[in-house]
Amino acid sequence: LLALALGLAAAAKSPYQQVLQHSRLRGRQHGPNVCAVQKLIGTNRKYFTNCKQWYQRKICGKSTVISYECCPGYEKVPGEKGCPAALPLSNIYETLGVVGSATTQLYSDRSNLRPEIEGPGSFTIFAPSNEAWASLPAETLDSLVSNVNIELLNALRYHMVNKRVLTDDLKHGTTLNSMYQDLPIQIHHYPNGIVTVNCARLLKADHHATNGVVHVIDKVIATTTNSIQHIIETEESLETLRAAVAASDLNSLLESKGQYTLLAPTNEAFEKIPRETLNRILGDPEALRDLLNHHILKSAMCAEAIIAGLTMETLEGTTLDVGCSGEELTLNGKAIIANKDILATNGVIHFVNELLIPDSAKTLFELAQESEVSKSMDFFRQAGLSSHLTGSERVTLLAPVNDVFKDGLPVVDSNMKNLLLNHIVKDQLSSKYLYHGQKLQTLGDKELRVFVYRNNLCIENACIAAHDKRGRFGTLFSVDKMLTPPSGSVMDVLKADHRFSTLVAAIQSAGLTENLNRPGTFTVFAPTNEAFRAMPQGELNKLMGNAKELANILKFHVADEILVSGAVNALVRLKSMQGDKLEVSMKNNVIHINKEPVAESDIMATNGVIYAVNSVLQPQASRPQERGDEPADPALEIFKQASALSKVSQRNPRLAPVYSRLLARMKENSGRF
């Protein structure tokens, strides 16, 4: 129970306290109340470290060194290890001088704030560090100091709250009423332990005083009374954004209560976009709204809180990778933020000098730019199919990845154009809604089948190689090869390919033609003529002379499910129509069936898929078969025709006796009726 209570207590700690506790653990070897602090090399910026940063030794991609300092509220004692003594408890004015905010102490004295923060009460002061005051523009500082009894006092009172507030009370997204006209101070307490006050980072927190608490911050904070929308309306560099916001009816959102981050594209950002693209988006209310929502994060993100890369969700529902590189913020890895931390009453604005166009506002051609399917786009353009990929037609494009065309793009003729049309599916699809056996209609009037496997999702022989990209009207599927639409049944395909003439004759002789012509889901490992020639003459004669044994062997080459090569990862077992298992594997990017390499994969048929193999497969445990001297009657005429069409095979000296014997049996059988 004690362990559970301690665990619950630890879980209740704020992110800041958790990071501080980790820093204490890392520093305890140096004595009591010592914290490990990461310091950016070449700067005075310091951070309490969390576990991940401890091992990475980096802040915003820059190297850090570890130093060991007294934890907040403690000090060293000469001759003793660590920081064993608590800081003396005194009033806020005296505490300011102890915690590194002597300039705030000085200005408190000059502005006549000193009596108040020395006297009785319960206050919280967010005290700018000495460096924070020194970094103010000279004209700003002169203005404050020259009006010590008015401006400086007001500025200092804006840094104060009329109650004691510790870091555990600083909740993310809340506001505190300041002691200057009750104007709000915005608090953000991030999961990484960083706490900001009007986007100024807490450096040293929770310094107790007799009349309150002191938090040291890294900036002098200023009042804010304008909403995000008001800032857009008054900022000259956001003129184009202002018009776009008005056209998309987002005004009310950007002036409503909330905590947003607006990544505000400047006029320069809009000017970088091709005029045709920009006009298309500005003239399409849905695309424009998606574009703007893609620039609005769901929560306020101050620059000081970003010390490593993180993914943030936009109002559009997409995500952006927000990170930093040294002093610069990055979006999707690019340093495009021109001005950061413009505070508003309902969030924060960062000016960006590049437009972030979401996929949902792009055409298919725009989706493919600088992607793994850019060569496919050139191919479709050469074929004259651009209109299908840039207009408002709802389609899904099956685009082969660039590796498919490493030897160059094929010549575009009428047949190739028809093939490319069959890579464009009617309707805008999403791969996560595709299901096994689904039929898709193409612009080339072909029907494509969907195959769902454990490790892949395929459309005919082409498997999806990357997450689909959904554009304004079209969806892009990147696929691993050119699609081969089926052009007939298994028997039609085998008959049309001279490599399988012997197999066709054998199928007809064994009475299996009807099976392989009917609708179905077959995977056929089709022995080529070469495979039959490789058999010993005696075995070949025996096989061709026994219809029952021939049918048994042929059935061993057929499975009653479709398996395309993209579904084969390590080993896949299929049950053959003969009953024994077939083992399909991938070795060195070559499909193997029962350890025999396949000569050609993925020859698609309307009722299955064919693999060409250069060997006749044998069942592992073949049972003796009764001899059947006569082939099935319906096969006689078909076999005659197949033999006549297979002159090349018949001229082979080894296959000639087999054909002669089969023809002789046909003549003999024909004479009986």
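Predicted model: local features only at pLDDT ≥ 70, side-chain atom pairs only at ≥ 80, totals over all residues.
Next I went back into α5 itself, residues 102-110. Which of its residues are buried? I noted Thr-103, Thr-104, Gln-105, Tyr-107 and Ser-108. A reminder to myself: an α-helix has 3.6 residues a turn, so residues three or four places apart point the same way.

Then I turned to aromatic rings. How many aromatic pairs does a search of the whole structure find? It finds five.

One of them is Phe-451 with Tyr-453: the ring centres are 6.3 Å apart and the planes sit at 40°, so I wrote this pair down as tilted. Are these two buried or exposed? Phe-451 and Tyr-453 are both buried.

I also looked up Phe-525 and Tyr-611. Their ring centres are 5.2 Å apart with the planes at 20°, and because planes under 30 degrees apart count as stacked, that's the label here. Where do the two residues sit in the chain? Phe-525 is in strand β29 (residues 522-527) and Tyr-611 is in strand β35 (residues 608-613), so this pair links distant parts of the chain, 86 residues apart. Phe-525 has 0% relative accessibility, which makes it buried. Tyr-611 is buried too, with a relative accessible area of 0%.

Last stop: charges over rings. I found Arg-57 lying over the face of Trp-54, at 4.5 Å from the ring centre. What sits over the ring of Tyr-47? That's the charged end of Arg-201, 4.0 Å from the ring's centre.

Terms used. Residues numbered from 1 in each chain as written. Heavy atoms only, no water. Phe/Tyr/Trp six-rings, centres within 6.5 Å; stacked < 30°, edge-to-face > 60°. Buried < 20%, exposed > 50% of the residue type's maximum accessible area, 1.4 Å probe, protein only. Helix = DSSP H or I, 4+ residues; strand = E, 2+ residues; numbered from the N terminus. Lys NZ or Arg CZ within 6 Å of the ring centre and 35° of its normal.
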